[in-house]
Amino acid sequence: ASEEELEQIRRKAQRVVEVAQQGGDWSAADQEFHLAISRASHNEYMRRLYPIINNAVAEFMLLTAQNLEYIQHMAISDNEAILEFLRRDAPGAREAMGIHMRHMLNALST
């Protein structure tokens, strides 16, 4: 990712926090954060796969109302880790994203 793309990702992460604090639709803001990462990857496969992943997560979110506060907290925390690694350590960023995906799968399956 370029410095400009990293800055955009940082702004999107901050927006998730702001929307959550205001009681708004933080998951839509979170989707924008992940879309920015997908675009910054410059990976055609991820660009095409992102809408499929995003739709699946959105469907699960609708079905998992009891865990939304926990999922929100986890998503914000994971986003911070992902962003930090994106700035300095690509392998670490991949690992942070993998951890985030495992967190989400576990939270959405309970």
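This is a predicted model: local features need pLDDT of at least 70, side-chain atom pairs count only at pLDDT 80 or more; totals for chains, interfaces and linings use all residues.
In which helix is Asn-106 found? Asn-106 is found in helix α5.

Residues are numbered from 1 along each chain as its sequence is written, and side-chain values use heavy atoms, with hydrogens and water left out.

Start with the overall plan. The chain has five helices and zero strands. Read from the N terminus, its elements run α-α-α-α-α. Here helices (H or I, at least four residues) and strands (E, at least two) are DSSP runs, numbered from the N terminus.

Now the overall dimensions. Along the principal axes, the C-alpha atoms fill a box of roughly 40 × 30 × 20 Å. A compact globule of 110 residues would have a radius of gyration near 13 Å, and the chain agrees, with 13 Å. That radius is taken over C-alpha atoms, and the globule rule is 2.2 Å times the number of residues to the power 0.38.

Next, the surface. The accessible surface of the chain comes to about 7100 Å². Carbon and sulfur atoms hold 54% of that surface. Such areas come from the Shrake-Rupley method with a 1.4 Å probe; for residues, only the protein chains shown count as cover. Of the 110 residues in the chain, 37% are buried. Buried means under 20% relative accessible area, exposed over 50%, and partly exposed in between (1.4 Å probe, protein chains only).

Contacts tell how the chain folds back on itself. A contact means heavy atoms within 4.5 Å. Among contacts between residues at least 6 apart in sequence, 62% join residues at least 24 apart.

Helix α2 comes next. The expected span is 1.5 Å times one less than the number of residues. α2 is mostly covered, with 11 of its 15 residues buried. Among them are Trp-26, Asp-30, Phe-33 and Ile-37. The cover over the buried residues of α2 includes α1 (3-21), α3, α4 and α5.

After α2 comes His-42. His-42 lies in the loop between α2 and α3. It is exposed, with a relative accessible area of 62%. Its phi is positive, about 55°, although His-42 is not a glycine. Most residues other than glycine have a negative phi.

Ala-75 sits in helix α4. At 1% relative accessibility, Ala-75 counts as buried. Leaving aside its neighbours within four places in sequence, Ala-75 is in contact with Trp-26, Asp-30 and His-100. Ala-75 and Trp-26 are 49 residues apart in sequence, yet 9.6 Å apart in space, C-alpha to C-alpha.

Back to helix α5. Its 19 residues (90-108) should span 27 Å, and its end C-alpha atoms are 27 Å apart, which agrees. The buried residues of α5 include Gly-92, Met-97, His-100 and Leu-108. What covers the buried residues of α5 includes α2 (26-40), α3 (44-63) and α4 (68-88). Asn-106 is exposed, with a relative accessible area of 52%. Asn-106 and Ile-71 are 35 residues apart in sequence and 10.0 Å apart in space, C-alpha to C-alpha.
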